[in-house]
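This briefing sets out selected features of the structure shown below.

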Amino acid sequence: MNIQDPASGLSSGAATDGRSSRWQSHREERRRELIKAARRAVHALGSDANMEDIAGAAGTSKSVFYRYFGDKAGLQQAVGEVVLDQMQRRIREAAQTAQTPREGLLAMVAAYLQMAATSPNVYTFVTRHGATEPDGAAASATDSGALGHFFEAVAEMIAAPMRSHLGGGNEAVIGYWPKAAIGLVRNAGEQWLNTPDSPAKPGQEAMARLITAWLCVGIAPELSQSAGRQFSSIKQSVSTNEGQ
């Protein structure tokens with residue numbers, strides 16, 4: 001039975017519900033603050049930062065992070081959900097401006113590389129495999145499904161214009177190719193991200209165009225050029241031998 005509070009005019013049940021709601025809002029706000037702090041810490045300290053380092057950079061204790069996220073895997077999941085959601089929205093926005101499927105691929109690849117390159121440490125933190133804390137707790141955002149959900153969403157972004165462009169009768173292409181494309185983009189992109197700067201390393205825009213070309217036409221042009229050079233070399237060698 002609810003008892004009326006003369007001072008507030010509210011029943012004790014309503015007052016309890018109000019306090020509970022305020023406490024829940026406080027916890028959610030505190031959780032968001034900790035996620036932002038952890039993201040800043042990883043950006044500065046590196047993807048291998050442990051919970052104690054992250055907590056110290058955030059100006060709090062490791063126990064606070066354990067209270068809100070359980071363990072490092074939980075923190076990776078929480079940060080990953082925020083980061084990957086932002087990447088997903090950015091990639092979707094980029095694709096919406098495209099006029100053709102190839103332009104859409106280029107826009108999505110460019111957006112992916114740009115977002116990952118903004119903070120390689122944070123990107124690695126939320127997409128890495130097999131990281132562990134000293135107590136042996138596994139830490140992988142992939143286990144949480146956040147990364148899987150992200151790539152599933154991107155695969156559907158790729159498949160949607162393909163359905164419209166290719167029409168019926170191409171179920172195998174539409175069903176398999178988008179996920180195969182994601183594998184190429186991710187592996188090439190992560191290798192590019194981890195490659196030290198040098199004259200041989202393509203710039204961000206050049207890398208996006210290379211990856212898009214590999215997706216759309218493969219390396220056939222390079223193979224054709226190589227075959228042409230080999231043929232020319234053989235022809236020149238034969239001509240030289242005949243002249244001797």
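On the face of helix α2 that points away from its buried side lie the exposed residues Glu52, Gly56 and Ala57. Exposed means over 50% relative accessible area, buried under 20%, and partly exposed in between, with a 1.4 Å probe and protein chains only. The model is predicted, so local features need pLDDT of at least 70 and side-chain atom pairs count only at pLDDT 80 or more, while totals for chains, interfaces and linings use all residues. Residues are numbered from 1 along each chain as its sequence is written, and side-chain values use heavy atoms, with hydrogens and water left out.

- The buried residues of α2 include Met51, Ile54 and Ala55. These residues lie on the same side of α2 because they cover an arc of only 95° around the axis, the arc being that of the directions from the helix axis to the C-beta atoms.
- An α-helix has 3.6 residues a turn, so residues three or four places apart point the same way.
- The axes of α2 (residues 51-58) and α3 (residues 62-69) come within 8 Å and cross at roughly 105°. The two helices are therefore roughly perpendicular, a term for angles of 65 to 115 degrees. Axes are lines fitted to C-alpha atoms, for helices over the stretch in contact, and angles run from 0 to 180 degrees between N-to-C directions.
- From α2, Met51, Glu52, Ile54, Ala55 and Ala58 meet Lys62, Phe65 and Tyr66 of α3, where contact means heavy atoms within 4.5 Å.
- The residues of this contact comprise six nonpolar, no polar and two charged. Ala, Val, Leu, Ile, Met, Phe, Trp, Tyr, Cys and Pro count as nonpolar, Asp, Glu, Lys and Arg as charged, and the others, Gly among them, as polar.

- Pro161 belongs to helix α8 (residues 146-166) and is partly exposed, at 34% relative accessibility. Its C-alpha atom is 8.3 Å from that of Thr100, 61 residues apart along the chain.
- Gln114, in helix α5 (residues 101-118), is partly exposed, with a relative accessible area of 32%. Gln114 and Gln204 are 90 residues apart in sequence, yet 7.2 Å apart from C-alpha to C-alpha.

**The chain as a whole**

- The protein chain contains 11 helices and two strands; helices (H or I, at least four residues) and strands (E, at least two) are DSSP runs, numbered from the N terminus.
- Of its 244 residues, 34% count as buried.

Methods. Angles under 35 degrees count as roughly parallel, over 145 as roughly antiparallel, 65 to 115 as roughly perpendicular and the rest as oblique.
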